[in-house]
Amino acid sequence: MTITERPFGSWPTPITSDLVVAAAVRLSEARVDGACVYWSEGRPAEGGRTQIVRRTPAGTVTDLLPDGMDARTGVHEYGGAGWWVRDGVLWFANWADQRLYRLEPGGTPVAITPERAVPRGDRYADGEVGPDGASIVAVREQHPAGGRGAVDVRNEIVRLAAGRDSEPEVLVSGPDFVVAPRLSPDAERLAWVSWDHPSMPWDDTVLTVRELATGVDTVIAGGPGESVTEPRWQPDGILTFLSDRSGWWNLYRWTPGSDVEPLIELAAEIGVPGWQLGTSRYAVLGDGRVVFARWREGYDGLAVRDPGGAVTDLDLPFSAVATVRASGPDGVVVVAGTPAAEPGVYRVTLPGAVVETLRAPRDLGVDRGYLSVPEPVSFPSVDGAGVPRTGHALFYPPSNPAYRGPDGERPPLLVVIHGGPTGSAMPVLSVGTQYWTSRGFAVVDVNYGGSAGFGRTYRDLLKGAWGVVDVADCIAAARWLGEQGRVDRQRLCIRGGSAGGYTTLAALAREDTPFTAGADHFGVADLEALAADTHKFESRYLDALVGDYPAQREVYVERSPIHHVDRLHRPLIVLQGSEDAIVPPNQSTKIVDALRARRVPVAYLLFDGEQHGFRRAENIRRALDAELSFYAQVLGFALPADEGIEPVEVENLGQPS
């Protein structure tokens, strides 16, 4: 193949915005019901709805939901665990009305929760069918009529009939949040996890078990400084769960009448932050073996603990694991991906870790030479007090077998900031990332201080330091790569969504910013406004990240980019969903209006009907191409002529501010 010289950023590539969304799905959850495997697919080509898919032992794959139904819950706004299955019967929360529906094999969905006067006033998630098959325990989130926003939202555990419309019975009420209701095999005990404001589920949670006959509650684990998650009863009546009491989310067990004891203790994370409900990172097999996902040094993987306690890493290519479910006596079903493949659904059978593909990732139809493989890197940075420490990231060099940059030049850099901010940069194939690297951009996906996957101490670095530690790490990563000669220090760009959008704005609003331009996807411009106008789940999150409000109002003002627009003189593109309940559109319009008033180059796209993150194919395409057009105009390279990319208008470009 002839290799052509062409400016970085302008390389033609088969990885277009059309390819990003063509046949794309978001695989997030899987469940095993007898010999059948079920999973959920978020489909941009179908308006972003979530479909439930069943695969039989014969390999027959069937979509279960009829047109117009969307298995997605609004609990905590981020959802998760919006469906479950038993003996071939599917229960799911429908996005449009948030009622629970029951779907019999071969039947049509029937609502089993009452219709409310307040549209979507009752939301359900994280359900489990009782041992008798006649009842369900689930989380219910109520949004009452005339409620005062987050103040009046109630989160409770309820029990309801599994087969008919009935008024739910409240079992647990009082804590600000309750999740993971789990009934023991004999139906005599109920376990659940709870926490109260201002904690988040990765800060301080409590695991409680109730004797249903007497109503006596026993706290099993948790409290200040301990995050407990994923309680699960085993057939012998033992309760297993994850806790970070050691500094890492590891596995423990509790036997009624005995003390808690560790099952797996590693300097690695089995658990993940509870942004969504229903996470499943481990499975206990019938003979006592435990198959679990574990995150270590920037990469995920699978391991097995034998009944004697020995832990062995499985020799598998997976680098990101979303779900682990027991499947028969010797196997698990996982949703997992690799640096060269998007997530798929697989069955892994022991011994030997034999992999069977149940739902293959899509075939992109492109040469592997177009795929950039992430390299874990560590770099010097500082904490909130300026003390030297180490930051972490995944670095993606440009990769295109047909093109190279001009001699002596280095590629422009995109610094990518994950959301959360308690999230992670995931080393799994993202076509959205390859969209950039195959055009000649370098990308660094930063696991700044506060990111999950590196233990509690690293995660806690962001406490009281949001807008400081994250910004320091993003700047440090960019400068370090420039010093290493891997990127062009004069063409450093930064982009992020949600919390990453805030970090983008905060990094640009510094006098010493090294960044040439930035892209803010539904990010926070005004911390005060966010504290006053967001949903219940995150309504007190800023207490830990920034400080008590309004007592520490001066910190909120100081760290809000909207109050430092005089420093914000780099070009910016802003992309926002019109129905975003987590970061409302006024956060974006505030910063855009301020930049317009100062004649700073700015582009703004508002996507009608989108929430927090873009789910519709046409909007995902437009957002990517608009951002590329923005960088082309700012950095001065030409767009490929044959992709038909619609230019975005960059106001005030080339005019003095």
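This is a predicted model: local features need pLDDT of at least 70, side-chain atom pairs count only at pLDDT 80 or more; totals for chains, interfaces and linings use all residues.
**Reading strands and a helix**

User: In which sense do strand β23 (residues 290-293) and strand β24 (residues 302-305) pair, and over how many bridges?

Analyst: Two strands pair if DSSP finds at least two bridges between them; strands are DSSP E runs of at least two residues, numbered from the N terminus. Here, β23 and β24 pair in the antiparallel sense over 4 bridges. Residues are numbered from 1 along each chain as its sequence is written, and side-chain values use heavy atoms, leaving out hydrogens and water.

User: What order do the 4 strands of the open sheet take?

Analyst: Read them as β22-β23-β24-β25, with antiparallel pairing. At the edges sit β22 (282-284) and β25 (311-313), each pairing on one side only. From one strand to the next, the twist averages 20° (axes are lines fitted to C-alpha atoms, and angles run from 0 to 180 degrees between N-to-C directions).

User: How many residues lie between β2 and β3 in their hairpin?

Analyst: There are 2, and glycine 34 in the turn has a positive phi of about 65°. The antiparallel strands β2 (residues 26-33) and β3 (residues 36-43) are joined by 6 bridges, and valine 32 stands opposite valine 37 in β3.

User: Is helix α5 (residues 499-508) mostly covered or uncovered?

Analyst: Buried means under 20% relative accessible area (1.4 Å probe, protein chains only), and helices are DSSP H or I runs of at least four residues. Helix α5 is mostly covered, with 10 of its 10 residues buried, including Tyr502 and Leu505.

Conventions
Buried means under 20% relative accessible area, exposed over 50%, partly exposed in between (1.4 Å probe, protein chains only).
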